[in-house]
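I opened this notebook to record what I looked up in the structure shown below. The entries follow the order of my searches.

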Amino acid sequence: MSVASSDYLEMVRALVTRVGEGQAEQKRQARRELGLPEDARVICFVGALGYDRNKGFDTLLRAWRDGPTENVYILAAGGGRGLERWQAEVRQSGMADRIR
């Protein structure tokens, strides 16, 4: 999980855009670059990662931890004052291998 660059945001766009003619290869390429299996379910979070929890990233992590997570990944695009804290929480959760 890191601060999003414009390239990273472009990969997110490729993943969440409805796949149409010519976009299927873009989606496969984005998944390869992000280390996501082609058949994985991907939950995208885009927002500021602050200490105040107003964007709901904490709720997303809690729901993801408590639900079925086999072949499910979180793709988080955002930065903010709380980024390092969230990175530490992700590492401590044991789920860092499935959060980008």
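I took buried to mean under 20% relative accessible area, exposed over 50%, and partly exposed in between (1.4 Å probe, protein chains only). I worked from a predicted model, in which local features need pLDDT of at least 70, side-chain atom pairs count only at pLDDT 80 or more, and totals for chains, interfaces and linings use all residues. Residues are numbered from 1 along each chain as its sequence is written, and side-chain values use heavy atoms, with hydrogens and water left out.

Entry on salt bridges. I searched the whole structure for salt bridges (a side-chain nitrogen of Lys or Arg within 4 Å of a carboxyl oxygen of Asp or Glu) and found two. In one, Glu 25 pairs with Arg 28, with the closest N and O atoms 3.2 Å apart. In the other, Glu 25 meets Arg 32 at 2.8 Å, N to O. I therefore noted Glu 25, Arg 28 and Arg 32 as linked in a network.

Entry on their setting. Arg 28 and Glu 25 lie three residues apart in helix 2 (residues 24-34), so about one helical turn separates them. Helices here are DSSP runs (H or I, at least four residues), numbered from the N terminus. I looked up the exposure of each residue: Glu 25 is partly exposed at 40%, Arg 28 is partly exposed at 31%, and Arg 32 is partly exposed at 47%.

Entry on helix packing. I noted that helix 3 (residues 57-66) and helix 4 (residues 83-93) pack at about 5°, their axes 12 Å apart. Axes are lines fitted to C-alpha atoms over the stretch in contact, and angles run from 0 to 180 degrees between N-to-C directions. Helix 3 is therefore roughly parallel to helix 4, a term for angles under 35 degrees.

Key. Helices (H or I, at least four residues) and strands (E, at least two) are DSSP runs, numbered from the N terminus. Angles under 35 degrees count as roughly parallel, over 145 as roughly antiparallel, 65 to 115 as roughly perpendicular and the rest as oblique.
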